[in-house]
Amino acid sequence: MALHAISPKQIRALLLLLVCVPLIPTILLVRLMVDAVQTARDTSLAQAGTALTAVAYQQQLTRTVAGLAQQRGGPAPTAEALHRDIQQVFGQEVAVQISDERGHALQGSQPPRALPIAQSPLGTLGLPWSVQLYWEGEADLGEAVDRQIQTYLVLGTVAVFAVLAIALTAALTVHRQFTLQALKSSAVATVAHELRTPIASIRMLVDTLREGRVKGDPQRQEYLELIATEALRLSRLAEHFLTFSRLDRNTSDLQLSRFDPAVAAREAARAMEPRLLAAGCTFQLEAPNGLPEILADRDALITVLTNLLENAWKYSGEEKEIALEVGADGGSVRFVVRDNGLGLTKAEQRAIFEPFYQVDQKLTRAREGCGLGLSIVRRIVEAHHGRVDLRSQPGMGSVFSVILPVASPEPPLLTST
């Protein structure tokens, strides 16, 4: 199945599977490793004799306490003496602890995390104490097993994150390919639509002229003007495609020079003059003299301002109010294009600078354009180490601001005396 034939719902399900399917067996594997370690621990303790000889230890301890009671003569033995005598009976493999009635150790110590294998009260000796036996080797085994569990948990965690990273990478790759495929399809449809309209108009007008179905020279001249307008439209579309292609491949060499930013603003306004001075459009230009110079590609900057003005004209209503303002802003120069057009939502503002994006996604839209103008604007401005700001609200128009750094002052000329 081709990628473009997959529905968005199927894509989301595929991305979820790519993340969840590797994660579930990884978690189960970690659980099995931990269970295996716990089983190994129990087996090791049993083989060491703790579980199998607990009864024998208890019997031996009871006999030992009874023997000490029979040998008793004189005052009650001290905790130190009891500990020494019982320890001699069981050897070093067993830890002996003498505790008072509250469980506080009087003599000896309990190995970390160990459980008693035998215990007995010392009431027969006239003492309110008790004695506990612990297997000495359990502490070392417990620590070794705990370290092994920690190692498995660390390895399991690393494996989980590795699998997640691989799954997310695969998911992002699929999502990116799907997005590129959708963008490609949208771009082809947009380009075909934008080229078809002027070509169809030119063919119709040319056929009319060839067949002589005109009423005199005035109508012939009108048709020639329309052909020239549509040819200019085709030329502008081709120029947009070529400019975007060069910028996309980073092969657009900027010819940087120092110049007055007001000059670029005036030339951009002059290029858009037929539209900006037409009936129903009010245009205001504020480009004062004396602004700090900028270091930029003059033709590229004029392209930026022309695209912004064209965008403002295109998306304004019947009564258009458009303004182009240039001013100094600290160490930068700010070009501002205002309009009273349709305005943009937050979502549209985030997507409007993407290639081939159209606010009106229908192929039957009334406004011409291929969705590259603002993308070219952003790329040219970023190539000049500047930025583009946008403020807009639906129904309240838009304000595009291009901020470019001021050129560094030229070093003074050195003169010899």
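Just past the end of helix α10, His 385 has a positive phi of about 60°. (Helices here are DSSP runs of H or I with at least four residues, strands are E runs of at least two, and both are numbered from the N terminus.) Keep in mind that this is a predicted model, where local features need pLDDT of at least 70, side-chain atom pairs count only at pLDDT 80 or more, and totals for chains, interfaces and linings use all residues. Residues are numbered from 1 along each chain as its sequence is written, and side-chain values use heavy atoms, with hydrogens and water left out.

Let's stay with α10 for a bit. Its buried residues are Gly 373, Leu 374, Ser 375, Ile 376, Val 377, Ile 380 and Val 381. Buried means under 20% relative accessible area, exposed means over 50%, and partly exposed is in between, using a 1.4 Å probe and protein chains only.

Which helix does α10 cross? The axes of α8 (residues 298-314) and α10 (residues 373-383) come within 9 Å and cross at roughly 145°. Axes are lines fitted to C-alpha atoms, for helices over the stretch in contact, and angles run from 0 to 180 degrees between N-to-C directions. On the α8 side, the contact uses Ala 300, Thr 303, Val 304, Asn 307, Leu 308 and Asn 311, while α10 brings Gly 373, Leu 374, Ile 376, Val 377, Ile 380 and Val 381. Contact means heavy atoms within 4.5 Å. Sorted by type, the residues of this contact are eight nonpolar, four polar and no charged. Nonpolar covers Ala, Val, Leu, Ile, Met, Phe, Trp, Tyr, Cys and Pro, charged covers Asp, Glu, Lys and Arg, and the others, Gly among them, are polar.

Now zoom in on Asn 311, which sits in helix α8. Is Asn 311 buried or exposed? Asn 311 counts as buried because its relative accessibility is 14%. Leaving out residues up to four places away in sequence, Asn 311 touches Leu 374 and Phe 400.

Phe 400 leads us to a sheet: it is the bridge partner, in β11, of Leu 390. Strands β10 and β11 (residues 398-405) run antiparallel and are joined by six bridges. Two strands pair if DSSP finds at least two bridges between them. These strands belong to an open sheet of five with mixed pairing, in the order β6-β8-β9-β11-β10. At its edges are β6 (281-286) and β10 (387-392), each pairing on one side only. Helix α6 (residues 261-271) lies across β6, β8 and β9.

There's also an open sheet of four strands, paired antiparallel in the order β2-β1-β4-β3. Its edge strands, β2 (105-107) and β3 (116-121), have a single partner strand each, so one side of each is left without a neighbour in the sheet. Strands β1 (residues 94-99) and β4 (residues 130-135) are joined by six bridges, and Ser 99 stands opposite Ser 130 in β4.

| Helix | Strand | Angle |
|---|---|---|
| α2 (residues 54-70) | β3 | about 25° |
| α3 (residues 79-90) | β1 | about 155° |
| α6 (residues 261-271) | β6 | about 165° |

Finally, step back to the whole chain. The protein chain has ten helices and eleven strands, and 37% of its 417 residues count as buried.
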